[in-house]
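Hi everyone, thanks for making time this morning.

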Amino acid sequence: MKRLHLEEIHQALIGLLDEFDRICREHNLNYSLSYGTLLGAVRHKGFIPWDDDADVNMPRPDYEKFLELAKNGALGEHFCISKDRGKGTYYSFTKLMDKRYPIHCPNHIEVKYLFLDIFPVDGVADDVKEREKQFKQERKWVVLAGICQWYTMDRWWGFIAYIIGFWFYPLFILFVGRTRAVRKMNEFAARYPFETSKYCAQHNFAPPKEAVPVEVYREYCEVEFEGKKYLAVRDWDQVLTNCFGDYMQLPPEKKRRSRHFMKVYRK
């Protein structure tokens, strides 16, 4: 197998975005580029130069429809999705994967192939204090799900996490369990239905400040990304400001690095 360099990884990720975009347009599903991918579209007209992944999000109703389509034969022959309910993964979101590109990753990524992260967008409480409480409860289960996974990272604190996890992993599996932890994450995220909420957010690891009026996820536009057109929320400025602050400002050079440490190969 050939190991890919970053530019080749970007091209493979475009293939994933194209497949995802195809299905969404054919079935009238709403989605938006998200996190660093949305930032890259606005600031760089494509990938952030040092980024090695791609993110999108969808209102929960569209997300569930996409999962059903993917499970019922809508995907091309090279593509598949990960589970998002706690069996086989500790994520409460799904990943679209391309089976032509195996990966090796030393941290929390436990899927076998190059992926596109697909996050559901759910409603949140109207009251700010209640919203903070909701996110605090979610984060507790995020941490527990991560402990149940027992992973290490190639950072200075990774060895410490490994030692702690070695002793506590069996206890967490016995008394918490990964499936239960992810189920709880989903329960708290879906407590306020997207369709009837005034505010919404991409849950999982997002802080309360990233919540926006639900109308933001009802209006979309096309944005340029690596010479192609993908969908994004029309009010992307509010989303990026809530997430990154002054998002047009480049980070210090020492922070311009990939966070996944992935090795990607072509079969």
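Let's start in the interior: Arg 60 and Asp 122 are both buried. Their side chains form a salt bridge, with N and O 2.8 Å apart. That pair ties together distant parts of the chain, since Arg 60 belongs to helix H3 (residues 60–71) and Asp 122 to strand S6 (residues 113–124), 62 residues apart. Please keep in mind that this is a predicted model.

Now, how many salt bridges are there by this rule? The count is 12.

Another one joins Arg 25 and Glu 222, at 3.1 Å from N to O. Arg 25 is partly exposed at 36% relative accessible area, and Glu 222 is partly exposed at 44%.

Lys 2 pairs with Glu 8, the closest N and O atoms being 2.7 Å apart. Lys 2 has 47% relative accessibility, so it counts as partly exposed; Glu 8, at 21%, is partly exposed as well. We also find a network of salt bridges linking Glu 19, Arg 22 and Glu 26.

Finally, have a look at Asp 98, in strand S5 (residues 94–104). Is Asp 98 buried or exposed? It is buried, because its relative accessible area is 0%, below the 20% cut-off. The side chain of Asp 98 makes a polar contact of 2.9 Å with that of Arg 100.

Conventions: Residues are numbered from 1 along each chain as its sequence is written. This is a predicted model: local features need pLDDT of at least 70, side-chain atom pairs count only at pLDDT 80 or more; totals for chains, interfaces and linings use all residues. Side-chain values use heavy atoms; hydrogens and water are left out. Helices (H or I, at least four residues) and strands (E, at least two) are DSSP runs, numbered from the N terminus. Buried means under 20% relative accessible area, exposed over 50%, partly exposed in between (1.4 Å probe, protein chains only). A polar contact is a pair of N or O atoms within 3.5 Å; within protein, one must be able to donate a hydrogen and the other to accept it, and residues adjacent in sequence count only if both atoms are side-chain atoms. A salt bridge is a side-chain nitrogen of Lys or Arg within 4 Å of a carboxyl oxygen of Asp or Glu.
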